[in-house]
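Hi,

Here is the model I promised to pass on. Have a look, and my notes on its aromatic side chains follow below.

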Amino acid sequence: SFHLRAKVSEESLFNLFLKDEPYPFAVVINDVPRVDVTADVKNPNDYIVEGSPQSKSLKVFSINASNKWNQLYLLGREMDSAKKTGAGDSVLIALNTRGQSLLAGLKSYVTQFIKSSPGPITSVWALGTYAQIFSMDDYQAMLNGIVEKFPDHKGIAAIKEMNDRQLAL
């Protein structure tokens, strides 16, 4: 059992790591004064977060989006295998069509999450995590939408400023 205390001026994201692990086992947002996380060291990814609606929302989103991403990955492996075994065009076209449908579903899910999320951190985290599935124009439009929705969030403004500098280069 441990307690973390932090003074932050605005809603932020915190990654919780276990010693010697490369990835966080939990992602927590300080959208409320107190957030409780319960986890078993033997199975930390099944953590429970209480008190923070945004942390719960992000966890559910992450699980669902990851499942959709995994379906695309598995389909990619199936397509590679079909190509290697000399599958006919009709099989490859069907797999490609299914892939386009899965990708469209993931894009729609991420877009709806970003647009409906009441928190700046959940929105920008979802966009940053799944940026590669969007065209540059769609990405820019969503980032601009997040900035407009949360104009007083300094962290979001900094992300937008960095993005604009990279585009200028």
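To read the accessibility values: buried means under 20% relative accessible area, exposed over 50%, and partly exposed in between (1.4 Å probe, protein chains only). By that scale tyrosine 109, at 23% relative accessibility, counts as partly exposed, and so does tryptophan 125 at 24%. Phenylalanine 61, at 0%, counts as buried.

Keep in mind that this is a predicted model, where local features need pLDDT of at least 70, side-chain atom pairs count only at pLDDT 80 or more, and totals for chains, interfaces and linings use all residues. Residues are numbered from 1 along each chain as its sequence is written, and side-chain values use heavy atoms, with hydrogens and water left out.

Now the rings. Two rings of Phe, Tyr or Trp (its six-membered ring) pair if their centres lie within 6.5 Å; planes under 30 degrees apart are stacked, over 60 edge-to-face, the rest tilted. Searching the whole structure gives six aromatic pairs. Phenylalanine 61 and tyrosine 109 are stacked, because their centres are 5.4 Å apart and their planes at 10 degrees. Phenylalanine 61 and tryptophan 125 are edge-to-face, since their centres are 6.5 Å apart with planes at 85 degrees. Phe61, Trp69, Tyr109, Phe113, Trp125 and Tyr130 form one aromatic cluster.

A charge sits over a ring if NZ of Lys or CZ of Arg is within 6 Å of the ring centre and within 35 degrees of the ring normal. Lysine 59 lies over the face of tyrosine 47, 4.3 Å from the ring centre, and lysine 68 over that of tyrosine 109, at 5.4 Å.

Cheers
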